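Hello,

Here is the structure for you to look through. My notes on it follow below.

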Amino acid sequence: MSSTTAVGAPSRLRLPRWAAPAGVAALIVVAYLVFRGTGTLPHDKEAPQFLAVTELREWIDEHRNESPLFLYFLNYIRLFVGSLYDLFSGALTALGWPGLTGVLGGLAWLAGGWRIALLAVAGVSAFGVLGLWQSSVETLALVAVAVLLSLAIGVPIGVWAGRSARVRRAVTPVLDVMQIMPTFAYLAPLALFFHIGAPAGAIATMIYAIPPAIRITALAVSEVSPTAVEASGSLGATGRQTLFKVVLPLARPTIALAVNQTIMMALSMVVIANLIAAPGLGGDIIRGLSRAQVGIMLPAGVAVVVMAIVLDRMTTALARRGPHARPRRLDLAAAGALAAAGLALIPVLPRAWPEGWTLNVTAEINAVVRWAETSWYPVTTFVKDQTSVLLLNPLESLLTSAPWWLVALTVLAVAWRMSGPRAALTALGCLLAIALLGTWEHAMQTMTTVALAVLITLMIGLLLGVAAARSPRYSAVQRPLLDAAQTMPAFVYLLPALALFETTRFTAIFASIIYAVPPVVRLVEDGIKAVPAEVVEAAVSAGSTPGQLLWKVQLPMARRAILLAANQGIVMTLAMVVVGGLVGAGALGYDVVVGFSQRTDFGLGFVAGVATVLLGVMLDRITQGADRRPSPHRRKST
């Protein structure tokens with residue numbers, strides 16, 4: 001009886017895995033077609049919340065010298081940072097070009113030998129040849145102040161976080177927000193509380209540069225061998241002695257990497273800080289952008305890149321040395337001689353770089369740009385117009401014409417599917433906050449730009465990363481190019497984009513792609529190379545072709561690295577969105593730029609910066625959560 005029942009019982013109907021997502025997608029499409037054009041939130045430049053923030057700034061400016069907060073706290077911070085900048089700027093100016101060349105060359109020799117010293121001497125000389133000596137000195141002083149303050153605060157916090165899981169959990173969300181936040185978003189509150197000028201620029205640069213100092217220091221301390229720490233304790237060392245004589249020496253190479261990354265981040269920010277009147281090379285770049293003159297921008301951009309490469313190579317050489325490595329006597333003597341020669345020439349040679357030794361190429365660069373625009377106009381116009389007609393305009397129309405509640409529900413469903421309920425609720429909260437801030441329409445336009453830029457970035461990153469992972473020779477050729485690309489400040493990527501496409505939305509997308517591709521390529525390459533060799537050998541021995549090996553073994557097993565690459569692509573693209581507002585990107589980026597350039601629109605710029613942060617947090621949490629979820633193959637097997 002029981003066997004008959006078992007055989008005759010109807011089998012349980014099992015729906016395919018794609019049925020539920022397909023059903024939800026169909027419902028969303030139907031809802032869009034029914035409610036299209038309703039429930040939209042058009043942008044209102046005169047919204048009460050924008051005006052309220054502008055009025056708050058005016059009130060703060062009027063009562064700046066009456067409030068105890070300013071009189072006894074914020075003003076002292078501004079004075080301290082300003083004095084520190086004046087000290088560094090005065091010292092570097094007093095050295096003049098002979099002294100600065102000799103001292104920096106000597107330090108470079110100690111860091112990495114004669115090759116790095118030669119690079120440093122050539123780099124410092126390039127500042128003068130480009131006619132940007134004083135601006136370069138000001139930028140170097142601003143970077144020095146920002147890095148010094150970042151390390152003075154970041155390294156102790158990083159050590160604390162590396163030794164305490166509770167502190168690490170408390171600090172991580174704050175660092176996440178700081179790294180997602182567009183660079184422009186730092187400027188609004190700092191201009192509000194610290195006014196404008198070198199102190200505000202240095203503080204803005206410090207805030208932007210401090211997260212890698214904390215993160216990498218915490219990683220360095222947490223990776224110190226527990227055996228070494230236990231051995232130190234068993235020998236009677238106190239906690240303080242263990243920290244300074246065991247933990248920090250063993251973590252020194254990685255902490256040197258933290259210094260390197262802090263310097264690179266600071267160099268990226270000092271250019272943008274010119275918008276709040278920070279001195280240095282940023283002024284030439286911003287002036288060139290405002291006039292669409294690549295000839296003004298390029299020499300300053302080259303000077304920033306040269307400065308980044310010199311400082312990067314010096315700190316990288318330090319990071320590669322072992323914890324107990326000491327410079328040889330010959331290197332000490334050579335470095336001392338080079339520094340002494342530079343100092344000895346200070347009274348003999350003029351401190352300012354001689355004008356006769358400069359090379360002015362502004363007119364020639366502008367002529368080349370005009371030739372490129374004329375010669376490549378049919379190609380660049382075709383690419384720009386077709387991208388706008390086929391991709392940008394339809395996607396923007398879709399997002400801006402859909403009801404806000406439908407977009408919110410769609411993001412909730414996608415986030416829940418990809419990353420779970422916590423990430424989904426976070427994404428929903430960010431979207432609701434954007435709606436309440438009154439920036440919904442411009443946020444959707446920005447999301448269009450980001451989505452297209454990330455899609456193209458991932459396609460290029462996957463192709464180049466796979467090629468590098470499968471060909472050591474190609475990887476060896478590509479790696480120096482990626483190194484150079486990652487040391488360049490964000491503003492430099494606007495140069496080729498502006499030269500090719502003038503000021504349009506596509507210019508910002510093109511610059512974002514160039515800026516975001518290098519880390520995506522690295523992550524994809526490392527993810528595929530990390531696939532265990534025995535798994536690859538087993539697939540090959542089973543008769544898999546190279547294509548089958550890639551699609552069925554390597555890419556699925558590198559899923560986490562690829563999702564992390566997508567996350568980094570989104571974060572870096574968002575970082576360029578506001579910068580792209582200077583070259584025609586529009587939307588939130590333009591709002592932020594206008595907020596700084598026009599005092600009456602400060603509230604608009606401030607709220608747009610907050611909305612950009614919320615957009616970044618939403619996209620970041622979705623992709624981070626997807627990285628932590630198990631793959632479909634693993635769920636199926638379990």
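The crossing of helix 16 and helix 19 is right-handed. A crossing counts as right-handed if the near helix is turned clockwise from the far one by less than a right angle, and as left-handed if anticlockwise. Before going on, note that this is a predicted model: local features need pLDDT of at least 70, side-chain atom pairs count only at pLDDT 80 or more, and totals for chains, interfaces and linings use all residues. Residues are numbered from 1 along each chain as its sequence is written, and side-chain values use heavy atoms, with hydrogens and water left out.

Helix 16 and its partners

Helix 16 spans residues 377–401, and helix 19 spans residues 440–470. Helices here are DSSP runs (H or I, at least four residues), numbered from the N terminus. Helix 16 and helix 19 pack at about 140 degrees, with their axes 9 Å apart. Axes are lines fitted to C-alpha atoms, for helices over the stretch in contact, and angles run from 0 to 180 degrees between N-to-C directions. That angle makes helix 16 oblique to helix 19. The cut-offs are these: under 35 degrees is roughly parallel, over 145 roughly antiparallel, 65 to 115 roughly perpendicular, and the rest oblique.

Which residues of helix 16 meet helix 19? They are Thr387, Leu391, Leu392, Leu395, Glu396, Leu399 and Thr400. On the side of helix 19 are Glu441, Met444, Gln445, Met447, Thr448, Ala451 and Leu452. Contact means heavy atoms within 4.5 Å. By class, this contact of helix 16 with helix 19 has eight nonpolar, four polar and two charged residues. Ala, Val, Leu, Ile, Met, Phe, Trp, Tyr, Cys and Pro count as nonpolar; Asp, Glu, Lys and Arg as charged; the others, Gly among them, as polar.

Helix 16 also packs with helix 22 (residues 505–529). Here the angle is about 95 degrees, and the axes are 10 Å apart. Helix 16 and helix 22 are therefore roughly perpendicular. Val383, Lys384, Thr387, Ser388, Leu392, Asn393 and Glu396 in helix 16 meet Arg505, Phe506 and Ile509 in helix 22. Four of the residues in the contact of helix 16 with helix 22 are nonpolar, three are polar and three are charged.

Look at Lys384, which sits in helix 16. Is Lys384 buried or exposed? Lys384 is buried, at 14% relative accessible area. Buried means under 20%, exposed over 50%, and partly exposed in between (1.4 Å probe, protein chains only). Lys384 touches Phe501, Thr504 and Phe506, leaving aside neighbours within four places in sequence. Lys384 and Phe501 are 117 residues apart along the chain, yet their C-alpha atoms are separated by 7.5 Å.

Helix 17 and helix 18

Now take helix 17 (residues 404–419) and helix 18 (residues 421–437). Their axes come within 7 Å and cross at roughly 155 degrees. That makes helix 17 roughly antiparallel to helix 18. The crossing of helix 17 and helix 18 is right-handed. Residues making the contact include Trp404, Val407 and Trp416 of helix 17 and Pro421, Leu425 and Leu432 of helix 18. By class, the contact of helix 17 with helix 18 has 15 nonpolar, one polar and no charged residues.

Aromatic rings

How many aromatic pairs does the structure hold? There are six. Rings of Phe, Tyr and Trp (its six-membered ring) pair if their centres lie within 6.5 Å; planes under 30 degrees apart are stacked, over 60 edge-to-face, and the rest tilted. Trp97 and Trp353 have ring centres 5.0 Å apart and planes at 65 degrees, so the pair is edge-to-face. Trp97 is in helix 4 (residues 68–112), while Trp353 is in the loop between helix 14 (329–344) and helix 15 (362–375), 256 residues apart. Trp97 is buried at 12% relative accessible area. Trp353 is buried too, at 12%.

Trp97 also pairs edge-to-face with Trp357, at 5.5 Å centre to centre and 70 degrees between the planes. Trp357 lies in the loop between helix 14 and helix 15, so this pair ties together parts 260 residues apart in sequence. Trp357 is partly exposed, at 46%. Trp97, Trp133, Trp353 and Trp357 form one aromatic cluster.

One more residue

Leu243 is in helix 11 (residues 239–272). Leu243 is buried at 15% relative accessibility. Leu243 touches Val159, Arg163, Leu248 and Pro249, not counting residues up to four places away in sequence.

Best wishes

Note on methods:
Helices (H or I, at least four residues) and strands (E, at least two) are DSSP runs, numbered from the N terminus.
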